[in-house]
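This report goes through one chain, from its overall make-up to a few side-chain contacts. Please keep the structure open while reading.

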Amino acid sequence: MMNNTKIAAFFLWISLPCLLGFGSLIMKNQVQNLEKELNGLNSAIREDIKAIHVLKAEWSHLNNPERLRKLAAKHIALNQLRPEQIINYSELPFEYENNESRQALARKNISGYAARNKELKKLVKAQR
């Protein structure tokens, strides 16, 4: 029986280092795989940061006020506002007179306001 225990102890002492070596080899491979995954994630983060910088530069170019002004002038056909188009709030009709419609009354008030501002029209034409 003594012989059997010695053999069992011998196999135990031989198998224990083998199991520990095999376990550490598996753990080493797992750590290397995790390091590769971490490096891949870090490089993806660096690429995303570079892409964000490029997008910010493009965005600042696209939102350049001078560029937007040129595009608006090219694609939006708006006439400049003439001073005679601007009226005071008090000139707007809020009461109906002689059963006139609001639209007719507004036209009359606006044309009357423009007639009173002929000097302003002359001044604007002189500046052009």
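A residue is called buried when its relative accessible area is under 20%, exposed when that area is over 50%, and partly exposed in between. The model is a predicted one. Its accessible surface amounts to about 11800 Å², and carbon and sulfur atoms contribute 61% of that area.

**Fold and confidence**

The chain has four helices and zero strands, which gives the pattern α-α-α-α along the sequence. The mean pLDDT of the chain is 81, and 69% of the residues reach at least 70. Where pLDDT is low, the predicted coordinates should not be read in detail.

**Nonpolar patch and aromatic pair**

Ile-7, Phe-10, Phe-11 and Ile-14 together make a nonpolar surface patch of about 410 Å². One of these residues, Ile-7, sits in helix 1 (residues 2-62).

How many aromatic pairs does the structure hold? There is one. It is formed by Phe-10 and Phe-11, whose ring centres are 5.9 Å apart. The planes of these two rings stand at 65°, so the pair counts as edge-to-face, because planes over 60 degrees apart are placed in that class.

**Salt bridge**

Side chains of opposite charge can pair when their charged atoms come close. The whole structure contains one salt bridge. It joins the side chains of Arg-69 and Glu-66, with an N to O distance of 2.7 Å. Both residues belong to helix 2 (residues 65-75), and because Arg-69 and Glu-66 are three residues apart there, about one helical turn separates them.

**Accessibility of selected residues**

| Residue | Relative accessibility | Class |
|---|---|---|
| Ile-7 | 40% | partly exposed |
| Phe-11 | 52% | exposed |
| Glu-66 | 39% | partly exposed |

Phe-11 is classed as exposed because its value of 52% lies over the 50% cut-off. Ile-7, at 40%, is partly exposed, and so is Glu-66, at 39%.

Terms used:
Residues numbered from 1 in each chain as written. Predicted model: local features only at pLDDT ≥ 70, side-chain atom pairs only at ≥ 80, totals over all residues. Heavy atoms only, no water. Patch = residues over 30% accessible without salt bridge, like charges linked within 9 Å, V, L, I, M, F, W, Y side chains within 5 Å. Areas by Shrake-Rupley, 256 points an atom, 1.4 Å probe, with all protein chains shown as cover. Salt bridge = Lys/Arg side-chain N within 4 Å of Asp/Glu carboxyl O. Helix = DSSP H or I, 4+ residues; strand = E, 2+ residues; numbered from the N terminus. Buried < 20%, exposed > 50% of the residue type's maximum accessible area, 1.4 Å probe, protein only. Phe/Tyr/Trp six-rings, centres within 6.5 Å; stacked < 30°, edge-to-face > 60°. pLDDT = per-residue confidence, 0-100.
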